[in-house]
Structures are given as structure tokens and as C-alpha cells.
Amino acid sequence: MPTALALSFALGVVTWTLLEYLLHRFVFHEKRLGPWMARDHLRHHAKVDWFVPLTTKLALAAVILSLLTLGASFVG
């Protein structure tokens, strides 16, 4: 059982890292984003220590979690 838990954790870390990279590369670098996301993304590249406000992170996390939950409901 601990091996399965460790494997699940490792798979989750790898999956999240890959998802984060793909979102950053293929979504946030596109010019079709809304003005607030494009502005935040440009700040991310312009200033190393700048972070997106917590409210924006929570809103984006809620959308992503909803989409992942919806997708998982079709798989399982």
C-alpha cells in the first residue's frame, strides 16, 4: 500500500509539472488571452519576483479543478 501511495504521489507531481508547462507554453504565450491574463503573464516575465494575486490564483484553480473533475467523471 505505501508503494502505491508513493507511486500515485510521484505520478501526480509529474502530471502537474507537465500540465503547468503545457499551459504556460501553449496557452499563456498565445495572444488570444483576455487582457487581464495577458497583463499578468507579461508581468511574470518582466519581473522575477512578481506573483499573481491570490484571488486570481484561486479563481484559475477553481476553473482548472472543475474541468479536471468533469473530465475525471467521464473516465471513472
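1. Which residues lie nearest the centre of the largest pocket? They are Glu20, Phe28, Val52, Lys57 and Leu60, among the 19 residues that line it. A pocket here is an open set of points on a 1 Å grid over the protein atoms alone, where a 1.4 Å probe fits, with protein on both sides within 12 Å along at least five of seven lines; lining residues have an atom within 4 Å of a point.

2. The model is predicted: local features need pLDDT of at least 70, side-chain atom pairs count only at pLDDT 80 or more, and totals for chains, interfaces and linings use all residues. Residues are numbered from 1 along each chain as its sequence is written, and side-chain values use heavy atoms, without hydrogens and water.

3. Helices H1 (2-26), H2 (35-46) and H3 (54-75) each supply at least two lining residues of this pocket; helices are DSSP runs (H or I, at least four residues), numbered from the N terminus. The largest share, 6 residues, comes from H3.

4. Confidence, expressed as pLDDT (from 0 to 100 for each residue), averages 84 over the protein, and 93% of the residues score at least 70. Among the elements, H1 has the highest mean pLDDT (90) and H2 the lowest (78). Where pLDDT is low, the predicted coordinates should not be read in detail.

Methods:
pLDDT is the predictor's confidence in each residue, from 0 to 100.
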